[in-house]
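Student: I have a model open and would like to talk it through with you. Could we take it one question at a time?

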Amino acid sequence: MSVPRYWREIPSRYRLIGSKCVNCGKTYFPPRRVCRECGSVNLEEVKLSEQGRIITWATVYDPPRGFEKYVPYIVAIVELDDGTRIMTQITDCEPDEIQIGTRVYAVFRKIREEGESGIIYYGYKFKPLK
Amino acid sequence: MRKVAVIAVGYTKVKEHWGLSIRDLFTEAAIMALNEVTIDRVDALYVGNMSSGYCQHQEHLGALMADYIGLKSPPAVKIEAAGASGGMALREGIQAVASGFHDFVVVGGVEKMSDVLTPDITYAMAMAADQEYEAFIGVTFAALNAMIKRAYQHKFGVSDELIATLPVHCHDMASKNPYAQYPFKITIEQVLSSPFVAEPLRLLECSSPADGAAILILCPLEKAKEFTDTPIEIAGVGAATDAIALYQRDDLTTFKATIEAANMAYKMAHTKPEEVDVAEIHDSFSITGVISLEDLGFFKKGTATKAISEGEITPGGKVAVNTFGGLKARGHPVGATGVYQVAEVVKQLRGEAGKNQVDDAEIGLTQNIGGVGGTVTVYIFRRID
């Protein structure tokens, strides 16, 4: 991936920056310019909640190129406390420690690296609240 | 708007064709279709394909295929909508003929996946998802469908055994289709003991990488009888889109785009789910097929697997589904799948479906999904007596 393509997503991937429709209140991750609920173009940047609950999840055994050494890993849809949904890895736990509804919080983690001399990807993962 | 008919079909066996290139596959299917009718010209070609850029480093498929199948320099273009590329290519062809812009159109679909290794195919298929916020973190296409399966089971309390009935059914059908990738039967026990690809989805619940090509020839219905005794009318046309990122959907147990596309197609064809005799649905994963049977209106939400276990989707049941094996067992050469489905329904309505022929089949339906419901096409076909 090129440096600018990685760099321009940093606010969302490092700090959970999303957007909120000033007209109807709907929130989005990543940020959007147009509200798909009401059609308004009046959206503002917001920092999203760092805690939420698992809506559904899966454990990956057959990975895409670049994720081979992390197998098995857990991916989930999390609904943040402000109602925004996000796709994330669940980290620092075993699959039998989570279920639909488990409370989780955001942590900053390495996602993967692009070979020996490429970009190292960082971003959010979520971890169960104990 | 003119009515449109399918006057010829062709397709290759679905398998890993080590000796054939992507252009060879397309050509083999085209020769079969062009042998069915005698027409003196082709006005346009539409090629459904998802991943030739990634798997073969080959784009510009429209012109390439037009040249290799011997057409005289018609306008030709590749149509890409992930797994619904074939279905959307057909839509372009229908619009061209219905509008009166063209009379004779070739619609094809092709995918050649065996040129790359499995992790690369997994990567290529994840391109149907949101690259920056799903694929970036290692979400696979199977994982998205596994998340849907977990949400569905949580909501409706349906067992793994019941969901396994769909792949078992598809393999039963494929066992009598010589063009199928996996022409043999499997059991529920085999499904449930196969390894996880993405838990809770197991290997025998997932379609596999495959190579294949399928072709249709379209013309105005009013001219169709000049070329074939058994034209099949494209009576209903529907397509819709939705957020491609699964996490941006409110309800994970239904595909809104299927419902919208189906409503359009039923309305245009003046028919309803109860009148459909044969259906080819998009079972890229067991759960995807189960949800589709419900979204298409054949069964109420949460009840499709019980209906499958009671024989409702076998020939002679309420609606004969995936009588050539579906994506699971006929195979899922991604950009070709939507075209295979139509070719198979045409065979059923002509009475040429072989051992799985449905008696007196008159109305057929196909449903083709791109991504996890980001694009869906639904078509309804009618036999002309």
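Student: How far apart do the C-alpha centres of domain 1 of chain B and domain 2 of chain B lie?

Tutor: This is a predicted model, where local features need pLDDT of at least 70, side-chain atom pairs count only at pLDDT 80 or more, and totals for chains, interfaces and linings use all residues. Residues are numbered from 1 along each chain as its sequence is written, while chains are lettered from A and ligands numbered from 1 in the order in which they are written. Domain 1 of chain B covers 4-117 + 209-224 and domain 2 covers 140-206 + 234-383, with bounds from an automatic or database domain assignment. The distance between their C-alpha centres is 23 Å.

Student: Which element gives the largest share of the side of domain 1 of chain B that touches domain 2 of chain B?

Tutor: Contact here has two residues' C-beta atoms, placed from the backbone, within 7 Å, and 36 residues of domain 1 of chain B meet 31 residues of domain 2 of chain B. On the domain 1 side, strand S1 (4-11), helix H4 (85-98), strand S4 (105-112) and strand S7 (211-220) of chain B each supply at least two residues; helices (H or I, at least four residues) and strands (E, at least two) are DSSP runs, numbered from the N terminus. The largest share, seven residues, comes from H4(B).

Student: How do the residues on that side of domain 1 of chain B divide into nonpolar, polar and charged?

Tutor: Ala, Val, Leu, Ile, Met, Phe, Trp, Tyr, Cys and Pro count as nonpolar, Asp, Glu, Lys and Arg as charged, and the others, Gly among them, as polar. By that scheme, the side of domain 1 of chain B that touches domain 2 of chain B has 21 nonpolar, ten polar and five charged.

Student: Why is H1(B) called oblique to H3(B)?

Tutor: Helix H1 (residues 22-34) and helix H3 (residues 61-68) of chain B have axes 10 Å apart, the axes being lines fitted to C-alpha atoms over the stretch in contact, with angles from 0 to 180 degrees between N-to-C directions. Angles under 35 degrees count as roughly parallel, over 145 as roughly antiparallel, 65 to 115 as roughly perpendicular and the rest as oblique. H1(B) is therefore oblique to H3(B), as their angle is about 55°.

Student: Which residues of H3(B) do Arg23(B), Phe26(B) and Thr27(B) meet?

Tutor: Those three belong to H1(B). The contact as a whole divides into four nonpolar, one polar and one charged. On the H3(B) side, the partners are Leu64(B), Met65(B) and Tyr68(B).
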